[in-house]
Amino acid sequence: MDTPSIPNELIEALRTARHVAVLTGAGVSAESGIPTFRDAMTGLWARYSPEELATPEAFRRNPRLVWEWYASRRQMVTTAQPNPGHFALAALEALVPQFTLITQNVDGLHRRAGSADPIELHGNLMRARCSVEGTVYTSWTEGETVPPLCPVCGALLRPDIVWFGETLPPEALARANEAAKSCDLFLSIGTSGVVEPAASLPRIAYNRGASLALINLDVTTSTGPRSYYLKARSGVVLPALVSAAFPKAG
Ligand code: APR
């Protein structure tokens with residue numbers, strides 16, 4: 001797929017923005033070889049649906065199965081690398097006065113690309129937490145007991161992921177809403193925009209007067225004033241957009 005032409009108005013909006021807010025989804029990591037949630041239901045996992053693995057009920061029913069599913073995803077992420085889309089967003093952070101990165105991804109690739117403080121709305125695969133008292137762990141020992149046990153209270157550890165039917169971390173959601181309300185340019189990248197509450201963020205920003213750009217591979221209906229749609233791979237279009245707005249930064 002060729003790089004689409006980027007509207008001059010969008011380049012100008014990025015060049016002059018005081019606060020850029022960005023929402024990313026699974027599409028941003030697709031070029032790193034990380035399949036979206038549903039696409040990952042292959043091989044050994046083909047007979048399960050996401051609802052059978054990514055819910056609190058599933059974990060209560062079969063904690064071992066759920067832990068092993070996330071362990072397989074973790075393994076995939078460990079061997080993947082951030083792609084040019086992740087790196088362009090990390091570079092952009094240093095080029096605009098204020099920058100907020102909000103992600104629905106749990107793969108940690110924004111951080112590995114150099115983004116300082118992404119707001120992780122759906123948690124992070126590389127963390128676990130105690131299923132009873134909530135203590136968060138960034139390392140643990142995989143041993144005979146699957147899932148491993150909390151070293152403090154002995155309860156099961158669970159992935160530190162927001163499952164279907166669970167609420168988002170309130171502080172992360174508040175920060176994301178605040179950014180949507182106060183930015184003057186909002187970029188929604190690689191997300192189908194169907195899972196709430198993240199899906200509302202672009203509309204909140206647009207209704208408050210921000211310019212809005214949607215970047216994904218879906219078919220989208222026509223856009224309005226201050227609103228741009230780029231049907232393009234993020235790993236291609238983001239470096240092009242950033243260098244068009246900030247040619248000297250290269
Ligand atoms: N570049 C840009 N966009 C892409 C690319 C790419 N290379 N590849 C795919 N896309 C787009 C698709 O066109 C689609 O719009 O990425 C989007 C992926 O959509 P989803 O798979 O629905 O992912 P996402 O929006 O992140 O899902 C939200 O739902 O599965 C749950 O909790 C999970 O965080 C996830 C949430």
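How are H1 and H10 oriented to each other: roughly parallel or roughly perpendicular? The first view of this predicted model takes up that question.

**View 1. Helix H1 packs on helix H10.** H1 spans residues 8-16 and H10 spans residues 234-245. Their axes lie 8 Å apart, at an angle of about 65 degrees. Angles of 65 to 115 degrees count as roughly perpendicular, and H1 and H10 are therefore roughly perpendicular to each other. The crossing of H1 past H10 is right-handed. H1 contributes Leu10, Ile11, Leu14 and Arg15 to the contact. H10 contributes Leu241, Val242, Ala244 and Ala245. By class, seven of these residues are nonpolar, none is polar and one is charged.

**View 2. Residues around the ligand.** In the side chain of His122, an N or O atom is 2.8 Å from a ligand oxygen. For the side chain of Thr191, the corresponding distance is 2.6 Å. For the side chain of Ser192, it is 2.5 Å.

View 3. Pro147 sits in the loop between strand S5 (136-137) and strand S6 (157-161).

**View 4. The peptide bond from Glu196 to Pro197 is cis.** Its omega is near 0 degrees. The loop that holds Pro197 runs between strand S7 (185-189) and helix H9 (201-207).

**View 5. Arg226 has a positive phi.** The value is near 60 degrees, in a residue other than glycine. Arg226 belongs to the loop between strand S8 (211-216) and strand S9 (227-231).

Key:
Residues numbered from 1 in each chain as written. Predicted model: local features only at pLDDT ≥ 70, side-chain atom pairs only at ≥ 80, totals over all residues. Heavy atoms only, no water. Axes fitted to C-alpha atoms, helices over the stretch in contact; angles between N-to-C directions. Helix = DSSP H or I, 4+ residues; strand = E, 2+ residues; numbered from the N terminus. Parallel < 35°, antiparallel > 145°, perpendicular 65-115°, else oblique. Left-handed = near helix turned anticlockwise from the far one by under 90°. Contact = heavy atoms within 4.5 Å. Nonpolar A, V, L, I, M, F, W, Y, C, P; charged D, E, K, R; others polar. Near = heavy atom within 4 Å. Polar contact = N/O pair within 3.5 Å; in protein donor to acceptor, adjacent residues only side chain to side chain.
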